[in-house]
Amino acid sequence: MRALMVEKAEDGSTSASVKDLNIADLENGNVLVRVAYSTVNYKDGLCLGSGGGLVRNYPHIPGIDFSGVVEESADPRYQPGDKVVLTGWRVGEAHWGGYAEFARVNADWLVPLPDGLRLDQAMAVGTAGFTAMLAVMALEDHGLTPDRGEVLVTGAAGGVGSVAVALLAALGYQVAGVTGRPDQEDYLRSLGASRIVPREELAETVKRPLESETWAGCVDAVGGPMLARILGQMKYGGSVAAVGLAGGANLPATVIPFLLRGVNLLGIDSVMQPYEARVRAWQRIARDLPMDVSQAMVQPAGLSDLPALGEQILKGQVRGRVVVDVT
Ligand code: NDP
């Protein structure tokens with residue numbers, strides 16, 4: 001089997017290349033999956049390079065998500081031939097991941113491919129899109145409806161952002177997308193954004209804790225000073241789903257928006273989501289995300305493209321979703 005393997009040299013440097021392995025070399029697990037597609041997420045960029053503190057042991061096979069077909073199973077929930085999806089559970093970080101023709105994993109980590117989705121379509125969504133769905137569901141659970149006003153998506157041309165824009169637009173929301181790439185305006189409008197907010201408009205740190213009430217909700221993939229600014233621009237009772245830290249992990253904010261406007265900051269974790277919540281999110285994706293729109297986000301790739309793509313996603317240069325055909 002072919003796999004994209006990251007090795008660590010004695011001087012601590014890492015290098016990634018395509019290797020031939022035996023299936024018997026794979027880690028322990030009770031289900032063997034013939035991987036069809038994987039993707040490139042921000043975390044994959046870290047694991048393809050220095051590891052970002054995520055990778056436990058070397059040599060390592062990254063790939064934090066995949067879709068594929070069960071080859072062997074010692075778990076009664078899965079039979080050979082079943083189509084499955086995997087995101088999270090630290091696969092591709094602490095465990096070997098999807099950048100290989102086969103992956104051996106724990107049955108608890110798998111979700112059956114939802115009806116209405118193909119294996120490639122599931123990975124056009126991938127971890128980024130699954131997380132965007134969780135964020136939208138959290139905003140809905142906190143009262144967001146299309147009549148409440150405009151919803152902001154940050155890091156809009158990235159993976160999480162692109163799917164969030166498309167999902168929200170398909171659900172009837174007016175969507176504004178923040179991007180640092182003005183050349184992606186046509187792309188974002190094609191996904192359903194009706195307003196583009198240049199990144200520099202939100203780049204300055206908080207000067208006034210409250211600004212005009214502008215956004216009914218927000219899916220934030222950026223964090224840092226941008227998230228702090230957005231908190232002060234939320235409408236009364238509005239919620240921000242905090243998904244990512246592409247712009248930084250610090251939150252230089254005040255508590256004033258929480259106290260005077262009842263703003264909610266909702267944390268979104270895709271990695272440890274319980275099974276029922278995963279199934280619910282994948283069913284919503286199959287129902288609510290227009291597949292022709294999600295196809296427009298896809299950049300196809302193969303295993304040998306991954307080292308370069310890993311560098312690009314860390315620089316914020318990847319648009320939408322990369323779908324890796326591992327065969
Ligand atoms: P991408 O790189 O595809 O998207 C991130 C986007 O953020 C970029 O495309 C860019 O969008 C914007 N961006 C990048 N750098 C900066 C910066 N310095 N300041 C402001 N904006 C910036 O990554 P993903 O979509 O895969 O992931 C996005 C974030 O979400 C990451 O931090 C990731 O770790 C996190 N994440 C969290 C998950 C969870 O479970 N909570 C699951 C999945 C992802 P543009 O060019 O449009 O400005």
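User: What share of the contacts in the protein with a separation of 6 or more comes from residues 24 or more positions apart?

Analyst: The model is a predicted one. Two residues are in contact if their C-beta atoms lie within 7 Å. Among contacts with a separation of 6 or more, the share from residues 24 or more positions apart is 70%.

User: How many helices and strands does the protein contain, and why can it be called as compact as a globular protein of its length?

Analyst: The protein has nine helices and 15 strands. For 327 residues the globule rule gives 20 Å, and the protein is close to that value, so it is as compact as a globular protein of that length; its radius of gyration is 20 Å.

User: Is cysteine 47 buried or exposed, and how far is it from glycine 310 in space?

Analyst: Cysteine 47 belongs to helix 1. A residue counts as buried if 20 or more other C-beta atoms lie within 10 Å of its own; cysteine 47 has 25 within 10 Å, so it is buried. Although cysteine 47 and glycine 310 are 263 residues apart in sequence, their C-alpha to C-alpha distance is 8.2 Å.

User: Which residues does cysteine 47 contact, leaving aside its neighbours within four places in sequence?

Analyst: With those neighbours within four places set aside, the contacts of cysteine 47 include Gly52, Leu54, Val55, His60 and Pro62. The list also holds Gly92 and Glu93.

User: What does helix 2 span between its end C-alpha atoms, and at which residue does helix 2 bend?

Analyst: Helix 2 comprises residues 119-141, and a straight helix of 23 residues would span 33 Å at 1.5 Å a residue. Helix 2 spans only 29 Å between its end C-alpha atoms. It bends by about 70°, and the residue at the bend is glycine 126.

User: How many of the 23 residues of helix 2 are buried?

Analyst: Helix 2 is largely enclosed by the rest of the structure, because its buried residues number 18 of the 23.

Conventions. Residues numbered from 1 in each chain as written. Predicted model: local features only at pLDDT ≥ 70, side-chain atom pairs only at ≥ 80, totals over all residues. Helix = DSSP H or I, 4+ residues; strand = E, 2+ residues; numbered from the N terminus. Rg over C-alpha atoms; globule rule 2.2 N^0.38 Å. Expected span 1.5 Å × (residues − 1). Bend = angle between axes of the 7 residues up to and from the residue. Buried ≥ 20, exposed ≤ 12 C-beta atoms within 10 Å, placed from the backbone.
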